[in-house]
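Subject: Structure for you to look at

Dear colleague,

I am handing over the structure we spoke about, together with its sequence. Please open it beside this message and read the two together.

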Amino acid sequence: MIELRSIDKIFNIGTANESQLFSDFSFSVKRGEFVSVVGSNGSGKTTMLNIISGTLPVSGGEILLDGCDITNQPEHVRSRRIGRVFQDPSVGTVPSMTIIENLSLAENKGKPYLLDFAVNRRKRAMFCDTVEQLGLGLEDKMDIPVGLLSGGQRQALSLLMSTMTPIDLLLLDEHTAALDPRTAETIMQLTNQIVREKQLTVIMVTHNLRYAVEYGSRLIMMDKGKVVIDKSGEDKAHTTVDDILSIFNSISIECGN
Amino acid sequence: MLFFSTTIDGLQMGLCYAVLALGVYISYSILDFPDLSVDGTFPLGGVCCTIFMLKLGMPALPAVLLSFFAGLAAGALTGVLHVKFNISKLLSGIIVMTGLLSVTLALTKLITRNGQTTAIFSYRSESIDGLFGGAMFKSLGIEVKDYLIIALLLAFVIIVKIVIDLFLKTKIGYMLRATGDNEKLVISLGKNSGNYKILGLALANGFVAVSGALYANLYMQYDNTSGSGKVVLALASVIIGMSVFSKIRIVADTTAVIFGAIIYSLCLNYLVLVDSDGIYLKLLNAVMFALILIFNEKITGMASGKSRHKRAVSEK
């Protein structure tokens, strides 16, 4: 599905701050896998997502999506097949536009944006139905700018928007980190539901070890640009939060944290 | 009587500048791009329209509408400089504005008899008729009256407003709004946000050029220096309009911008009554703009000229 082949990533090349994060880093995800990624700050989790989505260029190596080399594809071209939800709820939506306007933008992804009207009565009814299924009471706020909604509501909307059209891969970048525990739980359950319904391939970066253990079919832990734990199937099913935490702690102590 | 005629002048000027303000509304409020090339595209529209009429013998209305494309090209250039070559917003505007000064001078040379490049020339004659000239009214059997000119301008401005409103409701219009507010989302929708910036700037400057063409028709002359201060004027109109009328829900942003242009132009004209020599005109101008902003800041707490939704969001 997605394959990173001997990736090198060096930041600030040629300056005093030069630092190499990835060196000969390889990683691959099979179709239908739900991978949770944990690791301390600076371990390269988000950089990996940025490299896959095309936000950051690689210094060496290649990225393959379904066997096609996408290493040199610009970000917006890759976005046609890759969906992404960010930590900051305001990144996944247009704050000044209403819910209905946001949804109609997302619904048109993959098609040309031309001079036809974006919203009509049929679509409005359809979007109301979609939003009602979230159970957040958003169906009464369809004409309110998204920026006025709460973080959780916006994140739910971001999730909905990024999975509205068929995508091959969904990247979740600590998408519950900015939310209160209860809302985070709701969003996580919603994520799981959408992923199952649409049978998506997912890479989810999270700092919540419980989510990493409970959800998904595979768990990896990263440290200093390397994958240090990779559990899937039975192996993952028997892993507990405490197991992960003890490894996590031992790594942190090595690093002097 | 003097007050009355000043009001009439102010209304005509305001309606003419309303088209300019609507253009800047697209670049400043929608795209969040303070576009300085406006100072160059305004006279560019005027000189192109004049050439179309004098050299090509075009009737006034098609000449005005065609000048849209001159502005379109200039605006696109600003966009390309910013998007493709990573020049900052302000600098790409300044570069295009500076370059256009020479372009308009060269174009002016085509139509001035004595080659005086900065000359103001008139095309008020029997054979060539401006958009608001006598011949059209004569053919209808009525005399040229100020209120008729105002009605014509008003009709023109309302059509432009409706066109922009409808455009912003289309899918491509939605993408423009998204580009100004959250570029990352446009990218995640699989589109190059830079292209939408170029498109938005092109359209914005197209309307600015049309405003310049209207201006030339209204005063029956083309003035090479007519571009100076148009950025400030347009921004003032947009900000005043959107601040004053922001509390009224039923007034659309575009309507508010038109009112802003009219209010500002009226104030400019009344200032001439106060300072007939015109020495302190620009100073009074600046002071007035500052006072309106301060006054408005006190009432609404905002003086940004952002769209109502953007403001609502930032107040949260």
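Predicted model: local features only at pLDDT ≥ 70, side-chain atom pairs only at ≥ 80, totals over all residues.

Sorted by class, the lining of the largest cavity comprises seven nonpolar, five polar and two charged residues.

The second largest cavity holds about 60 Å³ of space, and the residues that line it include Tyr28(B), Phe33(B), Asp35(B) and Leu235(B). Helix H1 (2-30) and helix H10 (230-244) of chain B each contribute at least two lining residues, with H1(B) giving the most, namely three. The lining of this second cavity divides into eight nonpolar residues, one polar and one charged.

H10(B) deserves a separate look. How much of H10(B) is buried? Twelve of its 15 residues are, so the helix is largely enclosed by the rest of the structure; among the buried ones are Lys230(B), Val231(B), Leu233(B), Ile239(B) and Met242(B).

Turning to open space, the second largest pocket contains about 540 Å³. It is lined by 23 residues, and those closest to its centre are Lys230(B), Leu233(B), Leu268(B), Lys282(B) and Asn285(B). Two or more lining residues come from each of H1, helix H9 (193-219), H10, helix H11 (253-274) and helix H12 (281-300) of chain B, and H12(B) gives the most, with five. The lining of this pocket has twelve nonpolar, eight polar and three charged residues.

The last topic is charge pairing. Over all chains, the search finds 17 salt bridges. In one of them Glu107(A) pairs with Lys123(A), the closest N and O atoms being 3.7 Å apart; because Glu107(A) lies in helix H3 (residues 99-107) and Lys123(A) in helix H4 (residues 121-132) of chain A, the pair ties together parts that are 16 residues apart in sequence. Both Glu107(A) and Lys123(A) are buried.

Another salt bridge joins Asp116(A) to Lys171(B), at 3.1 Å from N to O, and this pair crosses between chains, from the loop between H3 and H4 of chain A to helix H7 (residues 171-181) of chain B. Asp116(A) is partly exposed, with a relative accessible area of 35%, whereas Lys171(B) is buried, with a value of 11%.

Within chain A, the side chains of Glu185(A) and Arg210(A) meet at 2.8 Å, N to O, in a salt bridge. Glu185(A) lies in helix H6 (residues 181-198) and Arg210(A) in helix H7 (residues 209-214), so this pair ties together parts that are 25 residues apart in sequence. Arg210(A) is partly exposed, at 33% relative accessible area. Finally, a network of salt bridges links Arg31(A), Asp66(A), Arg81(A) and Asp168(A).

With best wishes

Key: Residues numbered from 1 in each chain as written. Chains lettered and ligands numbered in written order. Heavy atoms only, no water. Nonpolar A, V, L, I, M, F, W, Y, C, P; charged D, E, K, R; others polar. 1 Å grid on protein atoms, 1.4 Å probe; cavity = no way out; pocket = protein on both sides within 12 Å on 5 of 7 lines; lining within 4 Å. Points joined across faces, edges and corners; volume = space filled by probe spheres on them. Helix = DSSP H or I, 4+ residues; strand = E, 2+ residues; numbered from the N terminus. Buried < 20%, exposed > 50% of the residue type's maximum accessible area, 1.4 Å probe, protein only. Salt bridge = Lys/Arg side-chain N within 4 Å of Asp/Glu carboxyl O.
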